[in-house]
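Trainee: I would like to go through this structure and ask what stands behind the labels.
Mentor: Go ahead; here it is.

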Amino acid sequence: MYMAITTRTISSLDDLKTFIKEGKPALYHASKTSTVIPFDQIEQFYPDKELTLVNLSTLPAVMEMDEDRLMIKGPVTWKEARGFCHEHGRELPMWPTEELACVLSGIATSATGERSFNAGSLRAQVDEVTYLNHRAEEIVLSCQKALDSFEMYDKIQKGFREFKNAPFPYLSMEIDLMIGTEGQLGVITEAVLRTKPLENTEVLFIKVPKWEEDYSLHIKIMNKVQEFRNQFYCVELLDSNSLEFIEKEKRPDAEGDLIFLEYGVKLQDFVFEHFVTPLGLEDQVFVMEAAKFKEFRMEVPRGVQEYNSRNGVVKKGTDVQVRHMDFRKLLDLYRELAKSGIRYLLFGHFGDAHLHFNLLAKTDQVEDCTKLMNEFYDKITDMKCSPFAEHGIGLIKQNYVRPFYTKEHFDTFKKLKDLHDPKRQFFPGGFMEMTP
Ligand SMILES: Cc1cc2nc3c(=O)[nH]c(=O)nc-3n(C[C@H](O)[C@H](O)[C@H](O)COP(=O)(O)OP(=O)(O)OC[C@H]3O[C@@H](n4cnc5c(N)ncnc54)[C@H](O)[C@@H]3O)c2cc1C
(Lines give C-alpha, C1' and ligand atoms only; values in the text may rest on other atoms or scores of the structure.)
Protein backbone atom coordinates (compact mmCIF):
# COMPACT_ATOMS: atom_id res chain seq x y z
CA MET A 1 0.00 0.00 0.00
CA TYR A 2 1.33 3.41 -0.97
CA MET A 3 0.46 6.79 0.58
CA ALA A 4 -1.50 8.98 -1.81
CA ILE A 5 0.52 11.38 -3.92
CA THR A 6 -1.32 14.64 -4.32
CA THR A 7 -0.91 17.06 -7.20
CA ARG A 8 -1.09 20.83 -7.24
CA THR A 9 -1.15 23.23 -10.16
CA ILE A 10 0.28 26.67 -9.54
CA SER A 11 -0.94 29.60 -11.61
CA SER A 12 0.71 32.66 -10.04
CA LEU A 13 3.75 33.60 -8.00
CA ASP A 14 1.49 34.48 -5.03
CA ASP A 15 -0.09 31.04 -5.26
CA LEU A 16 3.40 29.50 -5.19
CA LYS A 17 4.45 31.59 -2.17
CA THR A 18 1.30 30.57 -0.26
CA PHE A 19 1.99 26.91 -1.00
CA ILE A 20 5.66 27.13 0.10
CA LYS A 21 4.61 28.75 3.39
CA GLU A 22 2.44 25.67 4.11
CA GLY A 23 5.75 23.76 4.35
CA LYS A 24 4.40 20.60 2.70
CA PRO A 25 6.91 18.09 1.30
CA ALA A 26 6.81 18.64 -2.46
CA LEU A 27 8.51 17.83 -5.73
CA TYR A 28 8.30 20.74 -8.14
CA HIS A 29 8.28 20.05 -11.86
CA ALA A 30 7.91 21.79 -15.20
CA SER A 31 7.93 19.77 -18.48
CA LYS A 32 8.57 16.39 -16.76
CA THR A 33 11.24 15.34 -19.26
CA SER A 34 13.64 14.28 -16.51
CA THR A 35 15.06 10.82 -17.23
CA VAL A 36 16.05 10.34 -13.57
CA ILE A 37 12.69 11.06 -11.93
CA PRO A 38 10.06 8.53 -13.09
CA PHE A 39 7.03 10.80 -12.61
CA ASP A 40 4.60 8.07 -13.73
CA GLN A 41 5.83 5.66 -11.00
CA ILE A 42 6.66 8.23 -8.35
CA GLU A 43 4.61 6.51 -5.58
CA GLN A 44 7.14 3.65 -5.50
CA PHE A 45 9.73 6.09 -4.17
CA TYR A 46 7.44 7.48 -1.46
CA PRO A 47 5.75 4.33 -0.09
CA ASP A 48 5.22 5.77 3.39
CA LYS A 49 5.73 9.50 2.90
CA GLU A 50 3.42 12.29 1.91
CA LEU A 51 4.30 14.12 -1.28
CA THR A 52 2.74 16.82 -3.43
CA LEU A 53 3.74 17.01 -7.08
CA VAL A 54 3.68 20.73 -7.85
CA ASN A 55 3.17 21.68 -11.49
CA LEU A 56 5.01 24.92 -12.33
CA SER A 57 4.35 24.70 -16.06
CA THR A 58 1.13 26.73 -15.69
CA LEU A 59 2.85 29.77 -14.15
CA PRO A 60 3.01 32.84 -16.43
CA ALA A 61 6.08 32.68 -18.70
CA VAL A 62 7.91 35.92 -19.49
CA MET A 63 10.99 36.73 -21.62
CA GLU A 64 12.79 40.03 -22.06
CA MET A 65 15.99 40.92 -23.87
CA ASP A 66 18.15 43.38 -22.00
CA GLU A 67 20.86 44.28 -24.56
CA ASP A 68 22.62 40.91 -24.87
CA ARG A 69 21.14 39.20 -21.80
CA LEU A 70 17.96 37.12 -21.75
CA MET A 71 15.71 37.49 -18.70
CA ILE A 72 13.38 34.55 -18.10
CA LYS A 73 10.52 34.19 -15.63
CA GLY A 74 8.48 31.01 -15.27
CA PRO A 75 8.20 27.91 -17.47
CA VAL A 76 9.92 29.07 -20.68
CA THR A 77 11.11 26.12 -22.79
CA TRP A 78 14.49 26.01 -24.50
CA LYS A 79 12.70 26.07 -27.84
CA GLU A 80 10.84 29.27 -26.90
CA ALA A 81 13.99 30.85 -25.43
CA ARG A 82 16.00 30.13 -28.60
CA GLY A 83 13.16 31.36 -30.84
CA PHE A 84 12.98 34.61 -28.84
CA CYS A 85 16.77 35.08 -29.03
CA HIS A 86 16.69 34.50 -32.82
CA GLU A 87 14.08 37.27 -33.20
CA HIS A 88 16.67 39.56 -31.58
CA GLY A 89 19.59 38.27 -33.69
CA ARG A 90 20.98 36.41 -30.67
CA GLU A 91 21.64 32.77 -29.75
CA LEU A 92 22.02 30.84 -26.49
CA PRO A 93 25.55 29.46 -26.12
CA MET A 94 24.13 25.98 -25.42
CA TRP A 95 20.85 24.11 -24.91
CA PRO A 96 19.93 20.47 -24.16
CA THR A 97 18.76 18.06 -26.88
CA GLU A 98 15.26 18.02 -25.34
CA GLU A 99 14.08 21.49 -26.35
CA LEU A 100 10.66 21.07 -24.68
CA ALA A 101 12.35 21.01 -21.26
CA CYS A 102 12.23 24.31 -19.35
CA VAL A 103 15.20 26.62 -18.91
CA LEU A 104 14.69 27.12 -15.15
CA SER A 105 14.54 23.34 -14.62
CA GLY A 106 17.72 23.18 -16.70
CA ILE A 107 19.37 25.34 -14.05
CA ALA A 108 18.09 22.99 -11.32
CA THR A 109 19.48 19.96 -13.21
CA SER A 110 22.63 21.76 -14.45
CA ALA A 111 21.71 20.95 -18.04
CA THR A 112 24.38 20.47 -20.66
CA GLY A 113 24.08 19.90 -24.38
CA GLU A 114 25.81 19.34 -27.70
CA ARG A 115 27.28 22.83 -27.72
CA SER A 116 28.79 22.37 -24.25
CA PHE A 117 31.91 21.26 -26.14
CA ASN A 118 32.47 24.94 -26.89
CA ALA A 119 30.32 26.74 -24.33
CA GLY A 120 30.72 24.59 -21.21
CA SER A 121 27.72 23.78 -19.05
CA LEU A 122 24.79 26.08 -18.40
CA ARG A 123 26.55 27.48 -15.32
CA ALA A 124 28.92 29.35 -17.66
CA GLN A 125 26.07 31.41 -19.11
CA VAL A 126 23.98 32.18 -16.00
CA ASP A 127 24.43 35.70 -14.63
CA GLU A 128 21.70 35.69 -11.99
CA VAL A 129 19.17 33.30 -10.47
CA THR A 130 16.16 34.28 -8.37
CA TYR A 131 14.54 31.68 -6.12
CA LEU A 132 11.98 31.37 -3.35
CA ASN A 133 13.40 30.11 -0.08
CA HIS A 134 11.59 28.12 2.62
CA ARG A 135 9.97 31.31 3.92
CA ALA A 136 8.79 32.10 0.36
CA GLU A 137 11.13 35.11 0.22
CA GLU A 138 12.60 36.03 -3.18
CA ILE A 139 16.41 35.76 -3.09
CA VAL A 140 18.66 36.91 -5.94
CA LEU A 141 21.94 35.04 -6.45
CA SER A 142 24.82 36.40 -8.48
CA CYS A 143 27.54 34.65 -10.51
CA GLN A 144 30.02 37.28 -9.25
CA LYS A 145 29.76 36.65 -5.51
CA ALA A 146 31.44 33.73 -3.77
CA LEU A 147 29.45 31.53 -1.39
CA ASP A 148 29.99 31.68 2.36
CA SER A 149 32.89 29.43 3.26
CA PHE A 150 30.81 26.71 4.94
CA GLU A 151 28.69 26.33 1.83
CA MET A 152 31.72 25.72 -0.38
CA TYR A 153 33.77 22.61 -0.54
CA ASP A 154 37.12 23.09 -2.20
CA LYS A 155 39.01 19.93 -1.46
CA ILE A 156 36.41 17.40 -2.53
CA GLN A 157 35.62 18.96 -5.89
CA LYS A 158 39.29 19.07 -6.88
CA GLY A 159 39.97 16.89 -9.91
CA PHE A 160 36.28 16.93 -10.87
CA ARG A 161 36.08 20.48 -12.22
CA GLU A 162 37.19 19.27 -15.66
CA PHE A 163 33.86 17.45 -16.03
CA LYS A 164 30.73 19.27 -17.16
CA ASN A 165 29.01 18.01 -14.00
CA ALA A 166 30.49 16.03 -11.13
CA PRO A 167 28.55 13.38 -9.12
CA PHE A 168 27.78 16.26 -6.72
CA PRO A 169 27.02 19.96 -7.35
CA TYR A 170 29.92 22.36 -7.71
CA LEU A 171 29.78 24.91 -4.92
CA SER A 172 31.85 28.07 -5.36
CA MET A 173 29.70 31.04 -6.37
CA GLU A 174 26.26 32.08 -5.11
CA ILE A 175 24.38 30.86 -8.20
CA ASP A 176 25.77 27.35 -7.55
CA LEU A 177 23.25 26.95 -4.72
CA MET A 178 20.58 26.50 -7.39
CA ILE A 179 22.66 24.85 -10.17
CA GLY A 180 22.50 21.06 -10.14
CA THR A 181 20.91 20.95 -6.68
CA GLU A 182 17.74 19.64 -8.37
CA GLY A 183 15.36 21.93 -6.50
CA GLN A 184 16.41 20.67 -3.05
CA LEU A 185 17.19 24.13 -1.65
CA GLY A 186 14.37 26.26 -3.08
CA VAL A 187 12.22 26.98 -6.14
CA ILE A 188 13.77 28.89 -9.03
CA THR A 189 11.50 31.59 -10.43
CA GLU A 190 13.75 33.75 -12.66
CA ALA A 191 17.14 33.76 -14.36
CA VAL A 192 19.29 36.05 -16.45
CA LEU A 193 21.35 34.33 -19.15
CA ARG A 194 24.13 35.61 -21.38
CA THR A 195 23.56 35.28 -25.13
CA LYS A 196 25.80 35.63 -28.20
CA PRO A 197 25.27 36.85 -31.78
CA LEU A 198 23.28 34.51 -34.03
CA GLU A 199 25.48 32.89 -36.65
CA ASN A 200 25.04 30.66 -39.73
CA THR A 201 26.58 27.28 -39.11
CA GLU A 202 27.16 24.05 -41.02
CA VAL A 203 27.97 20.52 -39.99
CA LEU A 204 30.86 18.35 -41.17
CA PHE A 205 30.26 14.59 -41.04
CA ILE A 206 33.15 12.13 -40.87
CA LYS A 207 32.60 8.50 -41.80
CA VAL A 208 34.53 6.23 -39.46
CA PRO A 209 34.53 2.43 -38.90
CA LYS A 210 32.15 0.81 -36.42
CA TRP A 211 33.59 1.43 -32.94
CA GLU A 212 32.97 -2.21 -31.99
CA GLU A 213 35.40 -3.32 -34.73
CA ASP A 214 38.05 -0.58 -34.77
CA TYR A 215 38.08 2.63 -32.76
CA SER A 216 41.62 3.82 -33.61
CA LEU A 217 40.36 6.61 -35.90
CA HIS A 218 37.81 7.65 -33.27
CA ILE A 219 40.65 8.14 -30.77
CA LYS A 220 42.76 10.07 -33.28
CA ILE A 221 39.85 12.42 -34.00
CA MET A 222 39.02 12.79 -30.32
CA ASN A 223 42.58 13.94 -29.58
CA LYS A 224 42.70 16.33 -32.54
CA VAL A 225 39.37 18.09 -31.88
CA GLN A 226 40.64 19.27 -28.49
CA GLU A 227 42.71 21.88 -30.39
CA PHE A 228 39.49 23.35 -31.84
CA ARG A 229 37.36 24.04 -28.77
CA ASN A 230 37.07 27.70 -29.79
CA GLN A 231 36.04 26.93 -33.39
CA PHE A 232 33.86 23.79 -33.18
CA TYR A 233 30.54 24.26 -31.37
CA CYS A 234 29.89 20.55 -30.97
CA VAL A 235 31.62 17.25 -31.73
CA GLU A 236 29.17 14.35 -31.60
CA LEU A 237 28.91 10.66 -32.47
CA LEU A 238 26.08 8.59 -33.91
CA ASP A 239 27.17 4.98 -34.15
CA SER A 240 26.00 2.59 -36.87
CA ASN A 241 23.30 1.21 -34.53
CA SER A 242 21.90 4.71 -33.96
CA LEU A 243 21.81 5.35 -37.72
CA GLU A 244 19.61 2.27 -38.19
CA PHE A 245 16.79 4.17 -36.48
CA ILE A 246 16.73 6.69 -39.35
CA GLU A 247 14.38 5.83 -42.27
CA LYS A 248 16.37 4.29 -45.14
CA GLU A 249 15.81 7.12 -47.65
CA LYS A 250 16.94 9.77 -45.14
CA ARG A 251 19.97 7.79 -43.93
CA PRO A 252 23.41 8.92 -45.15
CA ASP A 253 25.42 6.48 -47.19
CA ALA A 254 27.67 5.27 -44.34
CA GLU A 255 28.67 1.71 -43.47
CA GLY A 256 30.06 2.54 -40.05
CA ASP A 257 29.70 5.33 -37.47
CA LEU A 258 29.43 9.08 -38.06
CA ILE A 259 31.29 11.74 -36.10
CA PHE A 260 29.98 15.22 -36.78
CA LEU A 261 31.08 18.71 -35.87
CA GLU A 262 29.45 22.12 -36.22
CA TYR A 263 31.15 25.47 -36.90
CA GLY A 264 30.41 28.91 -38.35
CA VAL A 265 29.97 28.74 -42.16
CA LYS A 266 32.75 31.27 -42.66
CA LEU A 267 35.24 28.83 -41.11
CA GLN A 268 34.82 26.10 -43.76
CA ASP A 269 38.21 26.68 -45.46
CA PHE A 270 39.93 26.84 -42.07
CA VAL A 271 38.33 23.53 -41.00
CA PHE A 272 39.45 21.73 -44.16
CA GLU A 273 42.97 23.20 -44.07
CA HIS A 274 43.67 22.68 -40.37
CA PHE A 275 41.56 19.68 -39.46
CA VAL A 276 40.34 17.56 -42.39
CA THR A 277 43.56 17.59 -44.48
CA PRO A 278 46.08 17.03 -41.65
CA LEU A 279 44.05 13.98 -40.56
CA GLY A 280 43.81 12.71 -44.17
CA LEU A 281 40.00 12.61 -44.00
CA GLU A 282 39.25 14.26 -47.39
CA ASP A 283 37.59 11.15 -48.87
CA GLN A 284 35.39 10.39 -45.90
CA VAL A 285 33.67 13.70 -45.10
CA PHE A 286 30.52 15.48 -46.26
CA VAL A 287 28.96 18.79 -45.22
CA MET A 288 25.30 19.47 -44.30
CA GLU A 289 23.63 22.86 -43.81
CA ALA A 290 22.41 23.55 -40.26
CA ALA A 291 18.65 23.56 -41.00
CA LYS A 292 18.79 20.13 -42.70
CA PHE A 293 21.02 18.85 -39.90
CA LYS A 294 18.47 19.79 -37.23
CA GLU A 295 15.84 17.62 -38.96
CA PHE A 296 18.34 14.80 -39.44
CA ARG A 297 19.50 14.89 -35.79
CA MET A 298 15.94 14.50 -34.48
CA GLU A 299 15.41 11.32 -36.55
CA VAL A 300 17.37 9.12 -34.13
CA PRO A 301 15.52 9.90 -30.84
CA ARG A 302 12.23 9.85 -32.79
CA GLY A 303 13.07 6.42 -34.29
CA VAL A 304 14.22 5.01 -30.93
CA GLN A 305 11.07 6.23 -29.16
CA GLU A 306 8.85 4.64 -31.84
CA TYR A 307 10.75 1.34 -31.64
CA ASN A 308 10.54 1.33 -27.83
CA SER A 309 6.81 1.96 -27.65
CA ARG A 310 6.12 -0.63 -30.41
CA ASN A 311 8.20 -3.30 -28.64
CA GLY A 312 7.50 -2.52 -24.99
CA VAL A 313 11.16 -1.70 -24.49
CA VAL A 314 12.55 -0.43 -21.19
CA LYS A 315 15.48 1.83 -22.05
CA LYS A 316 18.50 1.87 -19.73
CA GLY A 317 21.28 4.25 -20.56
CA THR A 318 24.61 5.54 -19.33
CA ASP A 319 25.63 9.19 -18.97
CA VAL A 320 29.34 8.84 -18.11
CA GLN A 321 31.99 11.43 -18.92
CA VAL A 322 35.62 10.34 -18.57
CA ARG A 323 38.96 12.09 -18.95
CA HIS A 324 40.27 11.98 -22.55
CA MET A 325 43.06 9.68 -21.49
CA ASP A 326 40.44 7.16 -20.25
CA PHE A 327 38.29 7.23 -23.38
CA ARG A 328 39.75 3.97 -24.69
CA LYS A 329 38.93 2.27 -21.36
CA LEU A 330 35.34 3.52 -21.57
CA LEU A 331 34.95 2.20 -25.13
CA ASP A 332 36.32 -1.18 -23.99
CA LEU A 333 33.67 -1.32 -21.25
CA TYR A 334 31.00 -0.48 -23.83
CA ARG A 335 32.35 -3.25 -26.08
CA GLU A 336 31.74 -5.70 -23.24
CA LEU A 337 28.17 -4.42 -22.81
CA ALA A 338 27.62 -4.70 -26.58
CA LYS A 339 28.13 -8.46 -26.37
CA SER A 340 25.06 -8.99 -24.16
CA GLY A 341 22.68 -9.86 -26.99
CA ILE A 342 20.38 -6.95 -26.04
CA ARG A 343 19.87 -4.34 -28.79
CA TYR A 344 21.96 -1.23 -28.13
CA LEU A 345 23.15 2.08 -29.55
CA LEU A 346 25.98 4.46 -28.71
CA PHE A 347 25.79 8.20 -29.33
CA GLY A 348 26.46 11.57 -27.74
CA HIS A 349 29.04 14.11 -26.84
CA PHE A 350 32.09 12.51 -28.37
CA GLY A 351 34.41 15.54 -28.07
CA ASP A 352 33.82 15.64 -24.32
CA ALA A 353 34.42 11.87 -23.90
CA HIS A 354 30.79 11.72 -22.78
CA LEU A 355 28.69 9.11 -24.61
CA HIS A 356 25.31 7.57 -23.92
CA PHE A 357 25.24 3.77 -24.27
CA ASN A 358 21.58 2.70 -24.38
CA LEU A 359 20.40 -0.86 -23.92
CA LEU A 360 16.92 -1.41 -25.36
CA ALA A 361 15.72 -4.30 -23.22
CA LYS A 362 12.55 -6.22 -24.06
CA THR A 363 10.47 -7.28 -21.05
CA ASP A 364 12.25 -10.63 -20.60
CA GLN A 365 15.68 -8.92 -20.78
CA VAL A 366 15.11 -6.26 -18.12
CA GLU A 367 16.64 -8.26 -15.27
CA ASP A 368 19.82 -9.04 -17.24
CA CYS A 369 20.00 -5.43 -18.33
CA THR A 370 19.82 -4.12 -14.75
CA LYS A 371 22.58 -6.55 -13.72
CA LEU A 372 24.79 -5.41 -16.60
CA MET A 373 24.28 -1.75 -15.74
CA ASN A 374 25.10 -2.40 -12.06
CA GLU A 375 28.30 -4.20 -13.03
CA PHE A 376 29.21 -1.39 -15.43
CA TYR A 377 28.80 1.29 -12.75
CA ASP A 378 30.85 -0.82 -10.30
CA LYS A 379 33.70 -0.84 -12.80
CA ILE A 380 33.71 2.88 -13.53
CA THR A 381 33.96 3.93 -9.88
CA ASP A 382 37.68 3.05 -10.13
CA MET A 383 38.13 5.74 -12.78
CA LYS A 384 38.13 9.44 -11.99
CA CYS A 385 34.98 10.17 -13.96
CA SER A 386 31.58 11.73 -13.79
CA PRO A 387 28.90 9.00 -13.76
CA PHE A 388 26.06 11.38 -14.70
CA ALA A 389 27.48 14.39 -16.49
CA GLU A 390 24.19 15.45 -18.05
CA HIS A 391 20.88 14.03 -16.87
CA GLY A 392 21.40 14.39 -13.10
CA ILE A 393 20.83 12.03 -10.17
CA GLY A 394 17.14 12.42 -9.32
CA LEU A 395 15.60 9.38 -7.67
CA ILE A 396 16.91 6.53 -9.77
CA LYS A 397 20.68 7.15 -9.82
CA GLN A 398 21.36 7.64 -6.12
CA ASN A 399 22.90 4.23 -5.48
CA TYR A 400 25.31 4.73 -8.37
CA VAL A 401 26.68 8.02 -6.97
CA ARG A 402 27.11 6.76 -3.42
CA PRO A 403 30.66 5.38 -4.02
CA PHE A 404 31.74 8.88 -5.13
CA TYR A 405 30.70 10.53 -1.85
CA THR A 406 32.90 11.06 1.19
CA LYS A 407 31.93 12.06 4.72
CA GLU A 408 32.53 15.69 3.75
CA HIS A 409 29.91 15.46 0.98
CA PHE A 410 27.27 13.97 3.28
CA ASP A 411 28.09 16.53 6.02
CA THR A 412 27.89 19.50 3.63
CA PHE A 413 24.60 18.31 2.14
CA LYS A 414 23.10 17.99 5.62
CA LYS A 415 24.29 21.46 6.65
CA LEU A 416 22.90 22.93 3.43
CA LYS A 417 19.54 21.25 3.97
CA ASP A 418 19.43 22.37 7.63
CA LEU A 419 20.08 25.97 6.59
CA HIS A 420 18.02 26.25 3.40
CA ASP A 421 15.33 23.63 3.89
CA PRO A 422 14.80 23.12 7.64
CA LYS A 423 11.33 21.60 7.12
CA ARG A 424 12.60 19.22 4.39
CA GLN A 425 9.89 20.44 2.04
CA PHE A 426 11.93 20.75 -1.16
CA PHE A 427 12.31 17.44 -3.07
CA PRO A 428 12.32 15.09 -0.05
CA GLY A 429 14.32 11.95 -0.78
CA GLY A 430 16.69 13.78 -3.15
CA PHE A 431 20.42 12.99 -3.15
CA MET A 432 21.17 15.60 -0.48
CA GLU A 433 19.28 13.51 2.06
CA MET A 434 21.35 10.40 1.38
CA THR A 435 23.22 9.04 4.39
CA PRO A 436 26.61 7.23 4.36
C1 LIG B 1 15.06 12.80 -25.22
C2 LIG B 1 15.69 13.54 -24.05
C3 LIG B 1 16.88 14.22 -24.26
C4 LIG B 1 17.48 14.90 -23.19
N5 LIG B 1 18.63 15.57 -23.44
C6 LIG B 1 19.22 16.26 -22.44
C7 LIG B 1 20.41 17.00 -22.68
O8 LIG B 1 20.93 17.07 -23.80
N9 LIG B 1 20.97 17.66 -21.63
C10 LIG B 1 20.41 17.64 -20.39
O11 LIG B 1 20.96 18.27 -19.48
N12 LIG B 1 19.30 16.93 -20.13
C13 LIG B 1 18.68 16.25 -21.12
N14 LIG B 1 17.54 15.54 -20.87
C15 LIG B 1 16.99 15.50 -19.49
C16 LIG B 1 15.95 16.61 -19.19
O17 LIG B 1 15.42 17.15 -20.37
C18 LIG B 1 16.60 17.69 -18.33
O19 LIG B 1 16.95 17.14 -17.09
C20 LIG B 1 15.73 18.95 -18.11
O21 LIG B 1 16.47 19.93 -17.43
C22 LIG B 1 14.45 18.69 -17.38
O23 LIG B 1 13.60 19.81 -17.62
P24 LIG B 1 12.02 19.72 -17.29
O25 LIG B 1 11.42 21.06 -17.50
O26 LIG B 1 11.41 18.60 -18.03
O27 LIG B 1 12.10 19.40 -15.73
P28 LIG B 1 11.25 18.35 -14.90
O29 LIG B 1 11.48 16.98 -15.45
O30 LIG B 1 9.84 18.80 -14.81
O31 LIG B 1 11.98 18.46 -13.47
C32 LIG B 1 13.30 17.99 -13.35
C33 LIG B 1 13.95 18.43 -12.05
O34 LIG B 1 14.06 19.84 -11.96
C35 LIG B 1 13.52 20.31 -10.71
N36 LIG B 1 12.86 21.57 -11.02
C37 LIG B 1 12.06 21.80 -12.08
N38 LIG B 1 11.68 23.10 -12.08
C39 LIG B 1 12.29 23.67 -10.99
C40 LIG B 1 12.30 24.98 -10.45
N41 LIG B 1 11.62 26.00 -11.02
N42 LIG B 1 13.01 25.21 -9.33
C43 LIG B 1 13.69 24.23 -8.73
N44 LIG B 1 13.72 22.97 -9.20
C45 LIG B 1 13.02 22.70 -10.33
C46 LIG B 1 12.58 19.22 -10.27
O47 LIG B 1 12.46 19.15 -8.92
C48 LIG B 1 13.28 18.01 -10.79
O49 LIG B 1 14.30 17.65 -9.88
C50 LIG B 1 16.89 14.87 -21.90
C51 LIG B 1 15.68 14.19 -21.71
C52 LIG B 1 15.08 13.54 -22.77
C53 LIG B 1 13.77 12.82 -22.53
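This is a predicted model: local features need pLDDT of at least 70, side-chain atom pairs count only at pLDDT 80 or more; totals for chains, interfaces and linings use all residues.

Trainee: Where does E182 lie, and what is its phi?
Mentor: E182 lies in the loop between strand 8 and strand 9. Its phi is near 55°, a positive value in a residue other than glycine.

Trainee: Which label, buried or partly exposed, goes to A136?
Mentor: A136 has 18 other C-beta atoms within 10 Å. Buried needs 20 or more and exposed means 12 or fewer, so A136 falls in between and is partly exposed. A136 also has a positive phi, about 65°, although it is not a glycine. Its place is in the loop between strand 7 (126-132) and strand 8 (138-142).

Trainee: What makes A124 partly exposed?
Mentor: The count for A124 is 13 other C-beta atoms within 10 Å. Exposed stops at 12 or fewer, so with 13 A124 is partly exposed. A124 is found in the loop between helix 4 (116-119) and strand 7. Its C-alpha is 9.7 Å from that of M94, and the two are 30 residues apart in sequence.

Trainee: How do you know that K397 is buried?
Mentor: K397 has 20 other C-beta atoms within 10 Å. The cut-off is 20 or more, so K397 is buried. K397 sits in the loop between strand 19 (385-386) and helix 11 (398-401).

Trainee: Which residues does K397 touch, leaving out those up to four places away in sequence?
Mentor: K397 touches V36 and F388. As for F431, it is 34 residues from K397 along the chain, and their C-alpha atoms are separated by 8.9 Å.

Trainee: What makes M178 buried?
Mentor: M178 has 26 C-beta neighbours inside 10 Å, and 20 or more is enough, so M178 counts as buried. The place of M178 is in the loop between strand 8 and strand 9. Apart from neighbours within four places in sequence, M178 is in contact with residues including I107, V129, L141 and I188.

Trainee: Why is the protein called as compact as a globular protein of its length?
Mentor: First the content: there are 12 helices and 19 strands in the protein. The radius of gyration is 22 Å, close to the 22 Å that the globule rule gives for 436 residues, so the protein is as compact as a globular protein of that length. Of the 436 residues, 39% count as buried.

Trainee: How many domains is the protein divided into, and where are they?
Mentor: The protein is divided into domain 1 (5-55), domain 2 (68-197) and domain 3 (201-386). The C-alpha centres of domain 2 and domain 3 lie 26 Å apart. In the contact between these two domains, 13 residues of domain 2 meet 14 residues of domain 3. That side of domain 2 divides into 5 nonpolar, 4 polar and 4 charged residues.

Trainee: Which residues touch the most other members in the largest nonpolar core?
Mentor: The core has 59 residues, and those with the most such contacts are I206, F232, V235, I259, L261, L330 and L346. This core draws at least three residues from each of domain 2 and domain 3. A second, separate core of 45 residues includes I10, A101, V103 and A119.

Trainee: Which residues come nearest to the ligand?
Mentor: Of the 33 residues around the ligand, S34, P96, A101, S105 and G183 come nearest. Strand 2 (26-29), helix 3 (103-108) and strand 9 (187-194) each give two or more residues to the shell. The largest share, 4 residues, comes from helix 3.

Trainee: How do the residues of that shell divide by type, and which domains supply at least three residues each?
Mentor: The shell divides into 15 nonpolar, 14 polar and 4 charged residues. Domain 1 and domain 2 each supply at least three.

Notes:
Residues are numbered from 1 along each chain as its sequence is written. The radius of gyration is taken over C-alpha atoms; the globule rule is 2.2 Å times the number of residues to the power 0.38. A residue is near a molecule or strand if its C-beta atom, placed from the backbone, lies within 6 Å of it. Ala, Val, Leu, Ile, Met, Phe, Trp, Tyr, Cys and Pro count as nonpolar, Asp, Glu, Lys and Arg as charged, and the others, Gly among them, as polar. Domain bounds come from an automatic or database domain assignment. Two residues are in contact if their C-beta atoms, placed from the backbone, lie within 7 Å. A nonpolar core is a set of buried Ala, Val, Leu, Ile, Met, Phe, Trp, Tyr and Cys residues joined through C-beta atoms within 7 Å.
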